[in-house]
Amino acid sequence: MGTIGSEAERADIAEGEIRVLVENGEYWLRNRGDIAMMTTTVERLRARWPRARIGVLTHQPGILRALLPEAEPLCGPDWNWGPDGWHGQVTRTAATMLVGPAALRWRAVTDGPKDRLRALRAAAKRRPGDNVSAGYAVADDEFPVEIPAAVEQASLVLALGGGYLTDVDRYQAHRTLNLLEYAGAQGIPTALVGQGLGPLHDPGLWRRATEVLPGVDFVALREGRRGPELLSRMGVAPERVLVTGDDAVEFGYRHRQPRIGEDIGLCLRVADYSRVSAAAQQTLGRVVRSSAGRLGAGVQPLIISEYASEDRLSTLPLLAGAVEARPAVGRGGTPGDVARQVARCRVLVTSAYHLAVFALSQGIPAVGITASEYYDDKFHGLAQMFGTGLRIVHLNDPELETALTEAVQQSWDEAAAVRDALQRKAVEQIDASRAGLERVFRLVDSGPVRPGHTRGK
């Protein structure tokens, strides 16, 4: 048998040795916006490195296999890679074909009762002053260092976009920072993409971020309003930072339709990090129903998060009394299912950030409704990235009914006029996001594909 000597052959072997460890940010895979970001990024990784192993940290291996067969789940108890070689490949392929679809069907049937029970138990255990994040009630001193075993063989540690580097999700923020710090200390390239930072007022989290983030090789931000200034104050070198837009923009843009939709999309989320008064909820429902009746539109409920059924429990009651209420996506529905529902809308009214991303990326104007600093930052950052098409209404506005009615009407009226401009802005962000990932690719291409403890930071 001849020796392998050509440059192409050596490159092919090297690519097969690449292992990308993906910090998902939402291990339960119940947020379709986060899944959309993950889908886009993993597809880009696979296009660049067809033979690489791409592992995603998750508590739901079957769901990951169903939604994203291009990746392999890294899950407890040791959070490690599966076996190498043909046997490992056959095992992973069989699991994807058999386990994934069954897991998605099982979730569709069982998640409703389980989520309601989980939410009740969490509320019963919660103490006043607890920080609630990613399904955990977390006190200030309860941030264990949990480093997955898979990092030891990783060629790259990549933290996907999300809104978890913030006070309202301190558990996940600390978990991500711990992972990035450990990987960097081993000489493994590290990067964050599509990130939204802040609000960051917690002294412990701020201190930890200033210890870790200046050592990360590259940070791509989804907005330029808040993130760059925060990173600068943390001491992150500006040449390591790029504002790209959200990685789900490309996902939303792919689902655009040539015709303008005829519905009003609606999503309200009521959660610990987004409290909404009963009066504001009633006003929101009344305005959307009356606007739909006046404009001859259907009302399309849009469910982006299935965690504790938060979007369903808050949104579906608002449709009661609507002249024409559309059905919501099933619990086993995919991000693509929701993006296609968005495409049937002429305007969106949403308190969920990623639904606004889906809409604007397709050229559909949106009304972002907010009741917290967390969502203020999200929506104002998104509005700056698109430049038009997003009106922001605060649910604490004393003239809420008037402000919301006017915002819906104005967005409806301008739908045709802003469509092309919004889609052009989406393309600009897609290009910037891809350029950012090219910088991530070069971190691996310029060094060893597996950590040899010789690469300097």
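Analyst: Let's start with a helix pair. α2 and α15 are oblique to each other, since they pack at an angle of about 50°. Their axes are 11 Å apart. Bear in mind that this is a predicted model.

User: Where do α2 and α15 sit in the numbering?

Analyst: Helix α2 covers residues 32-48, and helix α15 covers residues 415-445.

User: Which hand is the crossing of α2 and α15, left or right?

Analyst: α2 passes α15 in a right-handed crossing.

User: Which residues meet there, α2 against α15?

Analyst: From α2, T41, R44, L45 and R48. They meet I430, S433, R434, L437, E438, F441 and D445 of α15. By class, that contact has four nonpolar, two polar and five charged residues.

User: OK, another pair. What angle do α5 and α6 make?

Analyst: About 20°, with the axes 10 Å apart. Angles under 35 degrees count as roughly parallel, so α5 is roughly parallel to α6. The helices span residues 170-185 and residues 203-212, respectively.

User: And is the crossing of α5 and α6 left-handed or right-handed?

Analyst: Left-handed. On the α5 side the contact uses R170, A173, H174, L177, N178, L180 and E181. On the α6 side it uses G204, L205, R208, A209 and V212. The classes come to six nonpolar, three polar and three charged.

User: How do α11 and α12 pack?

Analyst: At an angle of about 55°, with axes 10 Å apart. That makes α11 oblique to α12. The crossing is right-handed. α11 is residues 335-343 and α12 is residues 353-362.

User: What makes up the contact of α11 with α12, by residue and by class?

Analyst: α11 brings P335, V338, A339, V342 and A343, while α12 brings L355, F358, A359 and Q362. Eight of these residues are nonpolar, one is polar and none is charged.

User: Switching to voids. How many cavities of 30 Å³ or more are there?

Analyst: Six, from a search of the whole structure.

User: What lines the largest cavity?

Analyst: 14 residues. G196, R222, E223, D377 and K378 lie nearest its centre. Two elements give two or more residues to that lining: β8 (190-197) and α13 (373-386).

User: Which element gives the most to the lining?

Analyst: α13, with six residues.

User: And how does the lining of the largest cavity split by class?

Analyst: Five nonpolar, four polar and five charged.

User: Now the backbone. Which peptide bond is cis with omega near 0°?

Analyst: The bond from G198 to P199. P199 lies in the loop between β8 and α6. β8 also contributes to the lining of the largest cavity, and α6 is the helix that packs with α5.

User: What joins G76 and P77?

Analyst: A cis peptide bond, with omega about 5°. P77 is in the loop between β3 (72-74) and α4 (85-125).

User: Last one. What is phi of L29, and where does L29 lie?

Analyst: Phi is near 55°, a positive value in a residue other than glycine. L29 lies in the loop between β1 (19-23) and α2. α2 is the helix that packs with α15 at about 50°.

Terms used:
Residues numbered from 1 in each chain as written. Predicted model: local features only at pLDDT ≥ 70, side-chain atom pairs only at ≥ 80, totals over all residues. Heavy atoms only, no water. 1 Å grid on protein atoms, 1.4 Å probe; cavity = no way out; pocket = protein on both sides within 12 Å on 5 of 7 lines; lining within 4 Å. Points joined across faces, edges and corners; volume = space filled by probe spheres on them. Helix = DSSP H or I, 4+ residues; strand = E, 2+ residues; numbered from the N terminus. Nonpolar A, V, L, I, M, F, W, Y, C, P; charged D, E, K, R; others polar. Axes fitted to C-alpha atoms, helices over the stretch in contact; angles between N-to-C directions. Parallel < 35°, antiparallel > 145°, perpendicular 65-115°, else oblique. Left-handed = near helix turned anticlockwise from the far one by under 90°. Contact = heavy atoms within 4.5 Å.
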